[in-house]
Amino acid sequence: MPWEPIKLNSGHYMPSIAFGTWKTGNGQGPVDQVKQALGSGYNHIDTAQAYKNEEETGVALKETGLSRSDVFVTTKYSGTNGLDIPTSIKNSLSNLGLSDVDLYLVHAPRLAVPDIPTCWAQMEKVQDDGLAKSIGISNFGVKDMETLVASARIKPTVNQILLHPYVYERQKPILEYAAKNGIIIEAYSALIPITKSPGGPLDKPLNEIAAKFGATTEQILMAWTKAKGAVVVTSSSKKTRLQGYIAAGDITLSSEDIATIDAAGALGEEK
């Protein structure tokens, strides 16, 4: 599959497309959706303390019968119920039914209390203690990353951020800083130009490029995100869509295609 694993600065490899449980809800729904994703070619599941479905994710992992090494599991410290990092990671592992996660993220810089260096030292201990193979961040801006890297003993492996063509210009400094520091970007909400902001400047070029490849506009946005060097975190309750997102890894956009999407994205830039 062309969604090749990406080597993290921790030495571990991460699948470059993930199924995210952000909007899957609670109860049987997320159990079924995670199992469906695992049966559709996804081997990276992204959840978080704040999503309140780590337990359901754990049930799905158990019911699939897959071995631990077959699935890359990410969860996040979200500061839920005011709990600290040492307590939160243990709760998350208990919910997931795992002895460790592959990746543990600080969900947002505002959660780094009393400050980023102190918070990150606690994250480093999570890795030292073998509770997470790799550690990283989410929604951190350049200044946040600079503060973290200046004090870090272990560099963050990833920064998971909002990324799609309508916010690309705004987010580009984060991508550039991450690239210089060996930090992989994970992109969430890559499909917003279609799902939440249709009728904008991207519609025409996305449709034209999709027609050229015999693909959907969703697949073109996935291919664009991949072309930016980002890992894609996506979700759908529909198996056909999940399979389509996997197939998008086969699409290689030309530099002209990418430039066209960039330019249209800039015209509809979200302020």
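Here, contact means heavy atoms within 4.5 Å, and the model behind these close-ups is a predicted one.

**View 1. His107 and the residues it touches.** Leaving aside residues up to four places away in sequence, His107 touches Ala48, Ala50, Tyr51, Lys76, Tyr77, Ser78, Ser138 and Asn139. You'll find His107 in the loop between strand S6 (101-106) and helix H4 (116-128). With a relative accessible area of 14%, His107 is buried, since buried means under 20%. The unreviewed UniProt entry puts a "binding site" annotation on His107.

**View 2. Tyr51, sitting in the loop between strand S4 (44-46) and helix H2 (54-64).** This one carries the "active site" annotation in the unreviewed UniProt entry. Tyr51 has 12% relative accessibility, so it counts as buried. Again skipping residues up to four places away in sequence, Tyr51 touches Thr21, Trp22, Asn26, Asp46, Lys76 and His107. Lys76 turns up here, and it is also among the residues that His107 touches.

**View 3. Helix H8 (residues 203-213) against helix H11 (residues 255-267).** The axes of H8 and H11 come within 10 Å and cross at roughly 160°. Angles over 145 degrees count as roughly antiparallel, so that is how H8 and H11 run relative to each other. Their crossing is left-handed. On the H8 side, the contact is made by Pro205, Leu206, Ile209, Lys212 and Phe213, while H11 brings Asp257, Thr260, Ile261 and Ala264. Sort the residues of this contact by type and you get six nonpolar, one polar and two charged.

Conventions. Residues numbered from 1 in each chain as written. Predicted model: local features only at pLDDT ≥ 70, side-chain atom pairs only at ≥ 80, totals over all residues. Heavy atoms only, no water. Axes fitted to C-alpha atoms, helices over the stretch in contact; angles between N-to-C directions. Helix = DSSP H or I, 4+ residues; strand = E, 2+ residues; numbered from the N terminus. Parallel < 35°, antiparallel > 145°, perpendicular 65-115°, else oblique. Left-handed = near helix turned anticlockwise from the far one by under 90°. Nonpolar A, V, L, I, M, F, W, Y, C, P; charged D, E, K, R; others polar. UniProt positions renumbered as here; feature names shortened; annotations may be inferred. Buried < 20%, exposed > 50% of the residue type's maximum accessible area, 1.4 Å probe, protein only.
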